[in-house]
Amino acid sequence: DRSSKVMRTSKFHLVDLAGSERNKRTGAVGERFVESIQINQGLLALGNVISTLGDDSHNQQRNSQNRHVPYRQSKLTRLLRDSLGGNSRT
């Protein structure tokens with residue numbers, strides 16, 4: 001019976017998280033300096049999202065409907081939103 005087929009879809013995100021370095025040590029200037037600031041801000045935002053999700057999974061006293069997960073802090077966390085929350089596996 002072909003009408004009972006199940007279709008599964010998935011997303012696969014491959015993210016290179018390298019690049020969190022101190023600007024003072026690298027001596028970056030100009031566009032490289034601005035880019036390194038954006039990379040570090042994205043990594044900080046990702047850490048904040050993971051921390052928020054991790055805290056709520058251990059603390060069941062708070063209502064999960066009322067929590068605020070800061071996905072919109074960076075492009076990186078907006079792109080990975082589907083992979084970080086809900087019933088996803090990482």
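This is a short tour of the structure, stop by stop.

This is a predicted model, in which local features need pLDDT of at least 70 and side-chain atom pairs count only at pLDDT 80 or more, while totals for chains, interfaces and linings use all residues. Residues are numbered from 1 along each chain as its sequence is written, and side-chain values use heavy atoms, with hydrogens and water left out.

**Whole chain.** Show the protein chain as a cartoon. The chain has 4 helices and 0 strands, in the order α-α-α-α. Helices (H or I, at least four residues) and strands (E, at least two) are DSSP runs, numbered from the N terminus. Of the 90 residues, 19% count as buried.

**Helix 2.** Select residues 31–58, which form helix 2, and find Ile 37 there. Ile 37 counts as partly exposed because its relative accessibility is 31%. (Buried means under 20% relative accessible area, exposed over 50%, partly exposed in between, with a 1.4 Å probe and protein chains only.)

**Second largest pocket.** Select Val 15, Asp 16, Leu 17, Ala 18, Gln 38, Ile 39, Gln 41, Gly 42, Leu 43, Ser 74, Lys 75 and Leu 76, which line this pocket. Helix 2 and helix 3 are the elements that give two or more residues to the lining. Helix 2 has the largest share, 5 residues. A pocket is an open set of points on a 1 Å grid over the protein atoms alone, with protein on both sides within 12 Å along at least five of seven lines; lining residues have an atom within 4 Å of a point.

**Ser 74.** Ser 74 sits in the loop between helix 2 and helix 3 (75–79). Is Ser 74 buried or exposed? Ser 74 is buried, because its relative accessible area is 9%. Leaving aside residues up to four places away in sequence, Ser 74 touches Gly 42 and Ala 45. Contact means heavy atoms within 4.5 Å.

How values were computed:
On a 1 Å grid over the protein atoms alone, a cavity is a set of points where a 1.4 Å probe fits but cannot get out, and a pocket is an open set with protein on both sides within 12 Å along at least five of seven lines; lining residues have an atom within 4 Å of a point.
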